[in-house]
Amino acid sequence: MNEDDLLVRGATIVTLDDARRVVKGDLRVRGDRLVHVGPGGSRRPAKRVIDAKGCVVMPGFVQAHVHLCQALFRGMADDLPLLPWLAERIWPLEGAHDARSLRASARLGLAEMLLAGTTTILDMGTVQHHDAVFEAIAESGMRAYSGKAMMDVGEKVPRSLRESTKRSLEESHRLRERWHGAEGGRLRYAYAPRFILSCSERLMREVAEAVAGSDTLAHSHAAEHAAERAAVKAMLGRDDVAALEAFGLAGPRTVLAHGVQLKPAEMKRVARLGTRFVHCPSANLKLASGIADVRAMRDHGVVVGLGADGAPCNNRMDPWTELRSAALLAKVRRDDAAALPAQEALELATREGARALGLDAEIGTLEVGKKADFIVVRDDGLHQEPGGDVYGRLVYATTAADVRDVIVDGRCVVESGALRTLDAAKVRSDARREGAKVATRAGLAR
Ligand SMILES: [Zn+2]
């Protein structure tokens, strides 16, 4: 029999499988798949061995809503509410990207997220040059759904981002043709009509048609901020989620970021249709959008994932921050310390995120036959001692700095805290140079 490619031995394995098994033992990987999870896996040799004694091994984080194209804009748009944040800073900056700055931005975001233990993302790009984002994802080793932003209407949308409906659709279809299924299926395409205020009805109907019956996704924003909702209602005479549904953007292949403003009747409707929502707690706080009622969404049966959103509205792309914030905010939102217990919060960040993206047969838990996407996390920091429940330790005490090794698709992309696929020093110097240039081109240099 062929020797396995990787053995991770002696860990506390938090599987998050249906039985929620937590076991002491070993993982074995052959190719891109897990072939052993549990005790007694360390007797046979393997090509490569990682000693994980004193560590937790858990599924890699799924961040179901991020913007790699905005990583360069970290710190360039602080302390503004959503609509001015978009119109005065983010859109001019996105419109000023060239392929070089976009590549630097994507690499920065990917490096940060991989080092913190994110193994899968759903990414929304800017309008132009999106091949550069896919190229960066391909080289980084991250698993991703990604797609260019689509914007064909909107009064404050700058000329640099506005495109015709036809061109927006053609470019999206071209990118899908080139990248969907690339890297052995690690890369996938998600159509990204940005939000209802920047997309025509025809654009959204055609996206719904393109996604139907395929394994691509539709990825948009909805029910984020009260002012945004009011603008949609004034324009269309109904709320954004109802309008999206009328245009065909609903159901399990539609993933909508935020849901802060969802009312209970809408949650029921969304749950019945199977539309996915992504909770972005830090971004909702920083843009003063509010606190999504994740408990109510879950109780109504809505599938909810977690995401950091973009660097300029967070300013971290750290899954641990989102995990902890989601758990803590739910308690305040509901005046109930048990509103989102640690284990359930961790599920949102892993298996439920995978479900939100329709990838739950492949990732999100540690089980034999699934993809080898997992992280080795140190569990002996003073900030984690002396003990307690493993879920509580992970959610409330552990930080991104405790992530030691990251494996995606069977490949070790972070080893002993160092990125193996991208050069971190170059990522930093490119980000500084290109960040300054893009701010100058946008007329926002300080
Ligand atoms: Zn977003």
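Author: Two residues count as being in contact if their C-beta atoms, placed from the backbone, lie within 7 Å. The structure above is a predicted model, in which local features need pLDDT of at least 70 and side-chain atom pairs count only at pLDDT 80 or more, while totals for chains, interfaces and linings use all residues. Residues are numbered from 1 along each chain as its sequence is written.

Reader: In the protein chain, what percentage of the contacts with a separation of 6 or more is accounted for by residues 24 or more positions apart?

Author: The count takes in contacts in the protein chain with a separation of 6 or more. Of these contacts, the part that joins residues 24 or more positions apart is 75%.

Reader: How many helices and strands does the protein chain have?

Author: Helices (H or I, at least four residues) and strands (E, at least two) are DSSP runs, numbered from the N terminus. Counted in this way, the protein chain has 15 helices and 18 strands.

Reader: Is I13 buried or exposed?

Author: A residue is buried if 20 or more other C-beta atoms lie within 10 Å of its own, exposed if 12 or fewer, and partly exposed in between, with C-beta atoms placed from the backbone. I13 has its place in strand 1 (residues 4–14), and, leaving out residues up to four places away in sequence, I13 touches V22, V23, G25, L27, V37, V57 and L366. Because I13 has 24 C-beta neighbours inside 10 Å, it counts as buried.

Reader: Are helix 11 and helix 12 parallel or oblique to each other?

Author: Axes are lines fitted to C-alpha atoms, for helices over the stretch in contact, and angles run from 0 to 180 degrees between N-to-C directions. Angles under 35 degrees count as roughly parallel, over 145 as roughly antiparallel, 65 to 115 as roughly perpendicular and the rest as oblique. Helix 11 and helix 12 pack at an angle of about 135 degrees, with their axes 9 Å apart. The two helices, helix 11 and helix 12, are therefore oblique.

Reader: How many nonpolar residues are in the contact of helix 11 with helix 12?

Author: Ala, Val, Leu, Ile, Met, Phe, Trp, Tyr, Cys and Pro count as nonpolar, Asp, Glu, Lys and Arg as charged, and the others, Gly among them, as polar. P319, L323, A326 and A327 in helix 11 meet A342, A345, L346, L348 and A349 in helix 12. The contact of helix 11 with helix 12 has no polar and no charged residues, and its number of nonpolar residues is nine.

Reader: Is the crossing of helix 2 and helix 15 left-handed or right-handed?

Author: A crossing is left-handed if the near helix is turned anticlockwise from the far one by less than a right angle, and right-handed if clockwise. Helix 2 (residues 99–115) and helix 15 (residues 424–441) pack at an angle of about 135 degrees, with their axes 9 Å apart. The crossing of helix 2 and helix 15 is left-handed.

Reader: How does helix 2 pass helix 3, in a left-handed or a right-handed crossing?

Author: The axes of helix 2 and helix 3 (residues 130–140) come within 8 Å and cross at roughly 35 degrees. Residues that meet there include A99 and L102 in helix 2, and A132 and V133 in helix 3. The crossing in which helix 2 passes helix 3 is right-handed.

Reader: Which residue does a cis peptide bond join to E385?

Author: The omega of this cis bond is about 5 degrees. The partner of E385 lies in the loop between strand 15 (374–378) and helix 14, and it is P386.
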